[in-house]
Amino acid sequence: MKWRGDSGLSDGAANYVYILGGYYDAGDNVKFGFPMAFTTTMLSWSVLEFGGKMGNDLQHAKEAIRWATDYLLKAAAYPGTLYVQVGEPSMDHKCWERPEDMDTPRSVYKIDAQNPGSDVASETAAALAAASMVFKSTDAPYSKLLLQTAVRVFALADEHRGAYSDSLASVVCPYYCSYSGYPDELLWGATWLAKATRSQKYFNYIQSNGPALGYRDNVNVLSWDQKHLGTRILLAREVLLNKVKSLGEYQGLANNFICSLLPGTSSARYSPGGLLFNGPTDQCNLQYVTSTTFLLFTYAKYLSTSKQVVTCANTRITPSKIRFIAKRQVDYILGDNPLGMSYMVGYGPKFPQHIHHRGSSLPSIYAHPNTISCNDGFNLGLYSSSPNPNVLDGAVIGGPDNNDQFRDDRNDYSLSEPATYINAPLVGSLAYLARS
């Protein structure tokens with residue numbers, strides 16, 4: 001990434017805390033902790049399931065995870081507190097400027113016992129627990145630190161319950177408001193801790209708290225805001241591979257998810273060209289597609305290992321059939337669609353040229369060393385008809401509408417903005433497809 005330079009080097013300084021690093025969520029310059037933690041969980045899960053198929057890219061994936069977990073460790077370094085955001089989004093969104101030129105407030109926001117955030121804390125615990133497994137065999141001290149921090153952060157989430165958007169609504173909503181509440185994250189965080197620690201304590205927590213935390217909720221999507229489906233797939237693995245029969249209902253719910261996606265069923269919604277639309281909104285739809293395909297490949301792996309199939313009505317759905325459904329979605333993203341458009345920037349002969357991303361749409365600091373001010377960036381970048389001068393290779397954007405139509409319009413963020421949590425689960429799917 002030769003067109004980017006350092007940025008955010010004073011993040012946290014005004015509050016006397018050290019929280020440099022991490023990721024901007026999408027096309028802006030704010031570090032939102034909730035989607036960053038989810039991105040980290042999903043990238044770690046991708047490595048845990050399909051890291052063996054990543055070849056030389058496994059090290060790159062681990063470096064990407066560590067860039068996030070190093071930040072999350074800093075955010076959780078102060079007892080009883082978790083820093084969950086750096087940047088004032090309303091001010092940031094009033095500017096169109098490169099991150100290297102940022103002059104908007106780098107305000108720091110936190111949750112604690114008085115201002116709880118069970119959702120973002122549980123997701124952070126999940127990310128740290130998942131990543132601890134990634135590094136367990138190659139960096140045991142780091143893995144131990146990640147897991148110890150995960151346990152502590154989850155305790156904060158569980159002992160002081162509440163949604164972070166209740167106390168931080170003015171700065172996290174509507175961007176990453178906790179629309180689904182915090183119960184799904186508590187169950188998700190406990191599940192990752194159960195997986196990472198193998199402690200009966202967390203399995204007991206799942207059993208005793210599952211009903212109150214809504215484990216049967218009618219949810220068929222995994223996203224930065226909604227985790228029940230991911231929990232079902234993880235716990236179904238415990239049933240299929242570890243014979244934990246007490247979690248059998250989660251396997252049943254996972255099977256229902258598979259059945260709900262079969263083309264032709266009343267619950268399955270696809271565009272005329274075959275793209276799945278199963279999210280709560282059609283905006284930025286590919287975030288739901290990439291997470292769904294990852295879950296399909298992962299569940300197919302569990303079924304294959306345990307020599308099981310899914311029965312939908314009177315139809316047997318084999319792991320091969322599940323993979324076929326998933327592969328069709330990945331192929332669509334990469335260009336096998338009515339427009340012949342790859343929605344991965346830089347991939348294939350035709351891909352979006354005007355993505356909603358500040359750094360990509362403005363001249364690089366190396367090509368244009370002088371500062372581009374907050375307002376000047378709008379005409380030079382956002383409203384410009386020219387293609388982005390810097391290609392954000394590999395970024396997957398929000399994608400087409402439910403009629404397979406796509407306007408390559410930088411100002412339409414719902415279709416043209418990339419995000420870390422769109423890419424993270426796709427890493428696992430691509431690793432499987434590339435080497436299987």
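Me: Which residue is the bridge partner of tyrosine 83 in E3?
Reply: This is a predicted model, where local features need pLDDT of at least 70, side-chain atom pairs count only at pLDDT 80 or more, and totals for chains, interfaces and linings use all residues. Residues are numbered from 1 along each chain as its sequence is written, and side-chain values use heavy atoms, with hydrogens and water left out. Strands (E, at least two residues) and helices (H or I, at least four) are DSSP runs numbered from the N terminus, and two strands pair if DSSP finds at least two bridges between them. E2 and E3 (residues 108-112) pair in the antiparallel sense over five bridges, and the partner of tyrosine 83 in E3 is lysine 110.

Me: How many residues of strand E2 (residues 81-86) are buried?
Reply: Buried means under 20% relative accessible area, exposed over 50% and partly exposed in between, with a 1.4 Å probe and protein chains only. E2 is largely enclosed by the rest of the structure, because the buried residues number six of the six.

Me: How far apart in sequence are the parts that cysteine 95 and cysteine 374 tie together?
Reply: These two cysteines form a disulfide (a pair of cysteine sulfur atoms within 2.5 Å), with their sulfur atoms 2.0 Å apart. Cysteine 95 lies in the loop between helix H3 (89-92) and E3, and cysteine 374 in the loop between helix H14 (358-361) and helix H15 (376-382), so the parts tied together are apart in sequence by 279 residues.
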